[in-house]
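Here is a short report on selected elements of a predicted model. Please view the sequence and structure first.

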Number of protein chains: 2
Amino acid sequence: MAEPATRRRDGKAVEAVVRALAARFGNRLVTAQAVREQHGNTTTWIANEPPDAVVFPQASADVRDIVRICAAERVPVIPFGTGTSLEGHINAPFGGVSIDFRDMNRVLAVHAEDLDCVVEPGVTRKALNEHLRDQGLFFPIDPGADASLGGMAATRCSGTNAVRYGTMKDNVLALKVVLANGEEISTARRAKKSSAGYDLTRLFVGSEGTLGVITELTLKLAGIPEAIASGVCPFLTVEACCDAAIRTIQAGIPVARIELVDALQVKACNAYSKLTLPETPMLFVEFHGSEAGVAEQSRSFGEIAAELGGGPFEWATRPEDRSRLWQARHDAYWSGRALRPGAAAVATDVCVPISRLADCVVATQRDIAESRLLAPIMGHVGDGNFHLTLLVDLADADEVARAKALNERLIARALAMDGTSTGEHGVGQGKMPYLTAEHGEAALDVMRAVKQALDPTGIMNPGKIVRAG
Amino acid sequence: MAEPATRRRDGKAVEAVVRALAARFGNRLVTAQAVREQHGNTTTWIANEPPDAVVFPQASADVRDIVRICAAERVPVIPFGTGTSLEGHINAPFGGVSIDFRDMNRVLAVHAEDLDCVVEPGVTRKALNEHLRDQGLFFPIDPGADASLGGMAATRCSGTNAVRYGTMKDNVLALKVVLANGEEISTARRAKKSSAGYDLTRLFVGSEGTLGVITELTLKLAGIPEAIASGVCPFLTVEACCDAAIRTIQAGIPVARIELVDALQVKACNAYSKLTLPETPMLFVEFHGSEAGVAEQSRSFGEIAAELGGGPFEWATRPEDRSRLWQARHDAYWSGRALRPGAAAVATDVCVPISRLADCVVATQRDIAESRLLAPIMGHVGDGNFHLTLLVDLADADEVARAKALNERLIARALAMDGTSTGEHGVGQGKMPYLTAEHGEAALDVMRAVKQALDPTGIMNPGKIVRAG
């Protein structure tokens, strides 16, 4: 068997690859230190591990060539979208070539009748929605950041709309993927469903570039709803927020967004976004449907909230009123950071069965207080998923240690509740240590066997998810 | 490398396995000819290939033992639910042991707050829904037959409700699976979403027992809607039916079922179910929601139908009126058969992008007429998926040849429209010849590599989906 890419770091191989890529791609191959560092992890406490070079393909034929050139020398390839992932997915711990999809940003087709579109991986979600707006369509997955669709698929991301529209796994119809041998495959056709063999689409969604490089996506679209209503609803406790979310979903109200914001995060939003919300746990909610439908949904939700001592629930259908609220929700990461200027914002997320969510959030709040840390909480509460933004002074070793220990306890708590160590941020480097506890060694062996089968020399984004071989 | 199970048919190995299983399972191991034949394919023109023995496990520990005993002698194992699959999935072309899940039929847990449940693979969908009814919950996937949930997951089935509730891939949260080495894994936890590594759940859903044997399922549930409205709507043409479906979905009307029934099938329903429907193409539709919601949806649909020259659309919310209609829809397989008593009913299905559906159905109807065959058509038209029930005299070689050729042209037509050779029936033996045309050799190589990695000796339901090694 060939020596895997992760067991060697061969300067001569890298030199040969850089030479071959420069010959093929000219100034679309960059080795400048600053550019390389921009292409390593920059978003959390995971150290920056820059690649040896960055290349900017313009078509899938370029990607095939890049992978072939790297495969010949067993040099790693690391796909790069917008660099907004949070668990070190884009780091190059074994060196290698970052493939930046910035220039593969074309919307190739929109099939309005079929409610689908075909895009290159570098298209961002905002660019796609801009492109679609005139046709009354939108792509519903919204992770907050203006991420690339290739990156969103690779990390199996989701976000605020997932409670109604699902995650990337539910909204990717088909992918084109360049394999470790440089061949390109299509994972499926454009039919809305199929039972024609193993689900290769779902195998690559969430595989974080470790099995292949995504070069094209066929995505499901939704019609822009006739009416949208949204609003905020304060509650006395986090438990009441969670109970309201459970009852809303059980009542079959097709809520489009239902977001828990804890008191600390509300305070942050008020300060940053110039709002005057009561500083108590609350739900941001949104309903999509007909005029009559969203009015009915809003009323039903208001009744549920009132039964649980929450409210008043004030909802708005005017776009300008709605935008202000959701802008504040989207800016939560920034407003959270503004609570402690100069601190690093370390984002982590877990997901538990919704019946355990209140327990999990309350225990986590207590843990934050006992750990003498500052960490506002927001949650996609309809899915049982919540985020901590740990505000940490990275220069303070003791504080960093307390934050890391808190994150570990958070994950252990979620796993003990039959939850997952990562609801929507992926594994990358940051969550690798927890996969054994989550899946068990035998299931991880299956992942390793798949990795080994598809990437026998270990060149595909090595050091992420599982180590093969 | 060990000689694969598919290259040998070793009488001594089978004897040894039967002896070991009899010692372990007593009279739960059956080798009677009639029982073996019941466990081979019985539903279409694919020949019956009975297993060497049938065993009835009562717990996952039994399944682990069965697989270990078979693995030691490299004798195939073939999981069996209710035997209602249509493409020869349960046949034993290389002999082996059929694992019949009849006795693993317990609902292990219902988590009403989380809208999920945990079941053994032998629970049928009707038994589950019976169990859930008192709690106001239901499992929405309805393939027509009262199939086992293990079989439904294994074939990635869907059915009439898929347009609103998705297919099995969307409604399985987690599986327990016994691998080829006899080890059992869990594919995921009970959290509603996760991005913790490769999507093993979706890898096993639709793998038809070729990668492992499902021993437990965690399923998503839905609340029984407050109100249900349904009705039939006649149209002048199949095209108008398809256009109405497209516009309904584009308008964001959350239709729960939207079923095309062609004129021949309407005739069959009238005769068999004592209805007096106009014998013209029509849509059977159903709406789920609040009282006001289903009324609004029904009105909106009626307006769309009228714009396309269809209607009148008469809808009912009384359960007895609704049941009569949907019973006729569910009996369509039997009413279709009654069009030609004594003939075999050969079911096939394809799925295309919805914009191509009308073209595909009309061309297929023409082809049926030109082939001098009788084959009513029904379709899950909201998904672009339709079924032919070919009524064939299996004793007439010429007719069988014409039917086979028709099926091949049907598949070629669907593939040419960017569709799939099997929308919801799986691959089994019947659709294997078409996977190269559908996926391409490089994508099939990925499937083969996964098969080889997880089942290196080829004992897991060999001769289905792909041949490894």
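## Helix α11 of chain B

Helix α11(B) covers residues 291–307, 17 residues in total. From first C-alpha to last, the helix reaches 25 Å. That is close to the 24 Å expected at 1.5 Å a residue. After the helix comes G309(B), with a positive phi near 80°.

Which residues of α11(B) are buried? They are G293(B), V294(B), A295(B), Q297(B), S298(B), F301(B), I304(B) and A305(B).

## A five-strand sheet in chain B

Chain B also holds an open sheet with antiparallel pairing, in the order β5-β6-β10-β8-β9. From one strand to the next, the twist averages 15°.

Strands β5(B) and β6(B) (residues 116–119) run antiparallel and are joined by four bridges. Within this pair, A109(B) sits opposite V118(B) of β6(B). Helix α4(B), residues 125–132, packs on the sheet. The helix touches β5, β6 and β10 (213–220) of chain B. Its direction makes about 50° with that of β5(B).

## Confidence

The model scores ipTM 0.96 and pTM 0.96. For chain A, the mean pLDDT is 94. In that chain, 98% of residues reach 70 or more. Where pLDDT is low, predicted coordinates should not be read in detail.

Key. Residues are numbered from 1 along each chain as its sequence is written. Chains are lettered from A and ligands numbered from 1 in the order in which they are written. This is a predicted model: local features need pLDDT of at least 70, side-chain atom pairs count only at pLDDT 80 or more; totals for chains, interfaces and linings use all residues. Side-chain values use heavy atoms; hydrogens and water are left out. pLDDT is the predictor's confidence in each residue, from 0 to 100. Helices (H or I, at least four residues) and strands (E, at least two) are DSSP runs, numbered from the N terminus. The expected span of a helix is 1.5 Å times one less than its number of residues. Buried means under 20% relative accessible area, exposed over 50%, partly exposed in between (1.4 Å probe, protein chains only). Two strands pair if DSSP finds at least two bridges between them. Axes are lines fitted to C-alpha atoms, for helices over the stretch in contact, and angles run from 0 to 180 degrees between N-to-C directions. Contact means heavy atoms within 4.5 Å.
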